Amino acid sequence: MKKAFTIFSITAVMIFGSLGTVHAQKGKVRYADKQMELMNYRHALEVYEQSYANKPNYETARKISEAQVILRDYDRSYEWWKTTVGYDEAGNPDYIQYLRSAQLTDNLEEAFSILQAKEISVEGLNVAKLLTVQSKKKVKLEGAEGLNSAGSDFDITVDASGNKYFVSDRGGQYPSTMPGLRIDAKNKYFSEEKNGFTDREYFSVYKRDTAGNISELVSNVPGTYNFSDPSFDKKNNILFYSITRDIKKVKKRDNITVQPEIYYSKLNEGVLEGFFPVPFNDSIGYAVMNPHVDEEAGRLYFTSDMPGGNGGTDLYYVTYDEDMTFGTPVNLGPDVNTAGNESHAFRKGDRFYFSSTGHAGAGGMDVFEADYTPAQISDVRNMGIPINSVADDFAYRILTDENGKEEVYLSSNRKGGQGLMIFTPYRMFTGSSLPG
C-alpha cells in the first residue's frame with residue numbers, strides 16, 4: 001500500500017506540477033497581452049519571449065512577431081514570422097505577414113522558397129501590394145549633417161528666419177526591468193521617466209539656428225510627454241505641433257487610452273507663448289496629429305483615425321483664418337486614403353506629398369506624390385527608389401531657407417543611418433546639384 005501511495009504521489013506531482021507550469025505560462029501571456037493593450041510593447045515582448053522559451057507554441061510566436069512589427073524591428077520580425085509559419089496552425093494571414101516582413105528585410109526569395117516547400121500558393125494570397133517599386137530617380141541621399149544624433153531624429157520644418165525645427169529623443173536612454181507604463185491596479189499611466197515604446201527620453205522639438213546651435217524648445221502645455229510634428233504659419237508666427245498629455249481620469253474612468261492632440265502657440269524669440277488646442281481634438285476618442293500648415297491655401301492638414309475614415313489613420317484638412325477660427329475637418333477621400341495608414345501631409349505648388357502603408361510600395365511606409373488643385377488631390381504615385389526603401393520612409397519636406405534656397409529632407413529608418421532607433425532625416429540632392 002505504501003508503495004502504491006508513493007507511486008501515486010510521484011505521478012500526482014508530475015501531473016499537477018506540469019499543470020502548474022502550463023497555468024504559469026498562460027498567466028505570463030495574459031500579463032503580456034495586457035501590457036500590449038497599455039502600449040507597453042517592449043516590456044510585453046520581453047515577457048512573451050520568456051514564455052516562449054519555456055513553452056514554444058504557435059500563439060506566442062505569432063504574438064512575438066506582431067510585437068516586433070509594432071516596434072519596427074524588421075529583422076527580428078522576419079525571423080519570428082518564419083518561426084510562426086512553421087507551425088501547422090499557421091494560416092493565410094500569417095503567410096501574408098511573413099511575406100511582408102520578408103520584403104522589408106530583402107528576404108523574399110527565401111520566403112517564397114519556404115512557402116513553396118509547404119505547398120502554399122503565393123499567388124492565392126493576394127499579395128500584389130508586396131511587389132517592389134522598381135522606378136529609380138536620379139537623386140542622392142546623405143545624412144543631414146548637424147541634425148542627426150545617436151537617438152531618433154525626424155520631421156523637420158523651418159521658420160521665416162531660416163531656423164530649423166525637428167523632433168528628437170536625444171535626451172537619453174533609460175533601460176530598466178520596470179515597464180514604461182505603470183502596471184499596478186491603481187495607476188496604469190505613462191511613466192514620468194521614459195517612453196515605454198522605446199525605453200528612451202520622450203520626443204521633443206529641437207531648434208537648430210542659422211549658426212548651427214541646437215537647443216530644446218520647451219512645451220508649455222501642462223503634462224506634456226511627447227512633443228512633436230512642428231509646422232509653421234510663418235505669416236502669423238504661429239507654431240502648430242502634436243502633444244501627448246498626462247491625462248489620468250475622464251468622467252471617473254481611469255481605464256483610458258490617451259491619444260495625441262494638435263496645439264498651437266505663438267513663438268517669440270525661441271519661447272512658446274500661450275497654448276491653444278484645435279477644436280476637433282479628442283484625446284480619449286481618437287488621435288489628431290502631424291499638422292502641416294498650407295499658408296497659401298489657408299489650410300491645416302493633419303492625420304487622424306477619427307470616426308468615418310477609410311481605415312487606419314487618414315489624412316484630413318481644415319480651413320482656418322487669421323482669427324484662428326477653424327472650419328469642419330474634410331477627409332481627403334479614397335484616392336489618397338486607404339484601409340492602411342496615411343500620414344505626414346505636405347504640399348508644394350501643384351504637388352501633394354504624403355506617406356502610406358496602404359498604397360502599393362517598396363516596403364514599410366512609403367512616400368507618395370499626387371497632383372494638387374484646391375478642389376482635388378489625384379493621380380497618386382509612388383516616388384520610387386531611392387526616395388523609398390524596404391524600411392519606413394516619411395515626412396518628405398521641401399524647405400526654403402532665408403536665402404531662398406530649397407533643400408529636400410526625408411525621414412527614414414533605412415539601414416546606414418546614424419540614428420539609434422527609429423527615424424533619421426536625410427538631405428536629398430537632385431539633378432545637377434548632386435555632390436561628388
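A residue counts as buried when its relative accessible area is under 20%. In this predicted model, 50% of the 436 residues of the protein chain count as buried. The protein chain has 6 helices and 20 strands. Among the contacts in the protein chain with a separation of 6 or more, 50% are made by residues 24 or more positions apart.

**Helices α2 and α3**

- Helix α2 covers residues 41-54 and helix α3 covers residues 58-70; they pack at an angle of about 155 degrees, and their axes are 9 Å apart.
- Because angles over 145 degrees count as roughly antiparallel, α2 is roughly antiparallel to α3.
- The crossing of α2 with α3 is left-handed.
- On the α2 side, the contact is made by Tyr-41, Leu-45, Tyr-48, Glu-49 and Tyr-52.
- These residues meet Thr-60, Ala-61, Lys-63, Ile-64, Ala-67, Gln-68 and Ile-70 in α3.
- By type, the residues of the contact of α2 with α3 are 8 nonpolar, 2 polar and 2 charged.

**The sheet of β10 to β13**

- Strands of a sheet pair through backbone hydrogen bonds, and the pairing is either parallel or antiparallel.
- Here 4 strands form an open sheet in the order β10-β11-β12-β13, and the pairing is antiparallel.
- Strands β10 (288-294) and β13 (330-331) are the edge strands, as each pairs on one side only.
- Strand β11 (residues 299-304) runs antiparallel to β10 and is joined to β10 by 5 bridges.
- Across from Tyr-301 in β11 stands His-292.

Conventions. Residues numbered from 1 in each chain as written. Predicted model: local features only at pLDDT ≥ 70, side-chain atom pairs only at ≥ 80, totals over all residues. Heavy atoms only, no water. Axes fitted to C-alpha atoms, helices over the stretch in contact; angles between N-to-C directions. Helix = DSSP H or I, 4+ residues; strand = E, 2+ residues; numbered from the N terminus. Parallel < 35°, antiparallel > 145°, perpendicular 65-115°, else oblique. Left-handed = near helix turned anticlockwise from the far one by under 90°. Contact = heavy atoms within 4.5 Å. Nonpolar A, V, L, I, M, F, W, Y, C, P; charged D, E, K, R; others polar. Pairing = 2+ DSSP bridges. Buried < 20%, exposed > 50% of the residue type's maximum accessible area, 1.4 Å probe, protein only.
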